[in-house]
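Please have the sequence and the structure open while reading.

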Amino acid sequence: MGERGLKLSGGERQRVAIARTLAAGPDVLLMDEPFGALDAQTRRAMQDFLYTVWRRTGTTILFVTHDIDEAVFMGSRVIVMSARPGRIKLDREVPLVHPRHYSVKTTPEFTELKAELTEAVREEVLAAQLVARYAQRTGDPDLARLVPFYQCYRAYVRGKVDSLKSLEPEVTPD
């Protein structure tokens, strides 16, 4: 990498990694949390850079992020995964035209989709936390057996049942 390579900023390193990958001419560029460690300004600059790369090359980009704003702003489609077991919970097309300017983040279409995605993620987080607490309380590390409980909790979060008491399996001391 050389002495200069060690002095590259996080954004510069990301640009180099993207350029190196694109040099191979891939049909799909896989990116898993590529901007997660960057500060806010560098993240926005990298989003602009990646957006320009996508528009110029037409390369399909599979972009994994936990940032809902980033997903809606960057994506043509957003997929929310469930916790355990990991399955597609929600799959939405992003109804925003290209090219996109940052002002799109204040439009009703953006905020409505962001709200829907945020609620879907919130349901998963709450359900996963409850299942983890239950597993810890019972000492049962086999989360696979807790899947029905987890699915019932999703019903509770959606307001389809009134009480968690009706959902919670009995805990019997040994």
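The paragraphs below go through aromatic pairs and then charges over rings.

The model is a predicted one. Searching the whole structure gives three aromatic pairs. In one of them, the ring centres of Tyr 51 and Trp 54 are 5.8 Å apart. Trp 54, at 29%, counts as partly exposed.

Phe 73 and Tyr 102 make up another aromatic pair, and this one is stacked. The distance from centre to centre is 4.4 Å, with 20° between the planes. Here the pair links distant parts of the chain, as the two residues are 29 residues apart. Phe 73 is in helix α4 (residues 68-74), while Tyr 102 is in the loop between β4 (88-93) and α5 (108-138). With a relative accessible area of 3%, Phe 73 is buried. Tyr 102 has a relative accessible area of 22% and so is partly exposed.

Phe 73 also has a charged neighbour: Lys 105 lies over the face of its ring, 5.2 Å from the ring centre. A further case involves Phe 49, where Arg 15 lies over the ring face at 5.6 Å from the centre.

Technical notes. Residues are numbered from 1 along each chain as its sequence is written. This is a predicted model: local features need pLDDT of at least 70, side-chain atom pairs count only at pLDDT 80 or more; totals for chains, interfaces and linings use all residues. Side-chain values use heavy atoms; hydrogens and water are left out. Rings of Phe, Tyr and Trp (its six-membered ring) pair if their centres lie within 6.5 Å; planes under 30 degrees apart count as stacked, over 60 as edge-to-face and the rest as tilted. Buried means under 20% relative accessible area, exposed over 50%, partly exposed in between (1.4 Å probe, protein chains only). Helices (H or I, at least four residues) and strands (E, at least two) are DSSP runs, numbered from the N terminus. A charge sits over a ring if NZ of Lys or CZ of Arg is within 6 Å of the ring centre and within 35 degrees of the ring normal.
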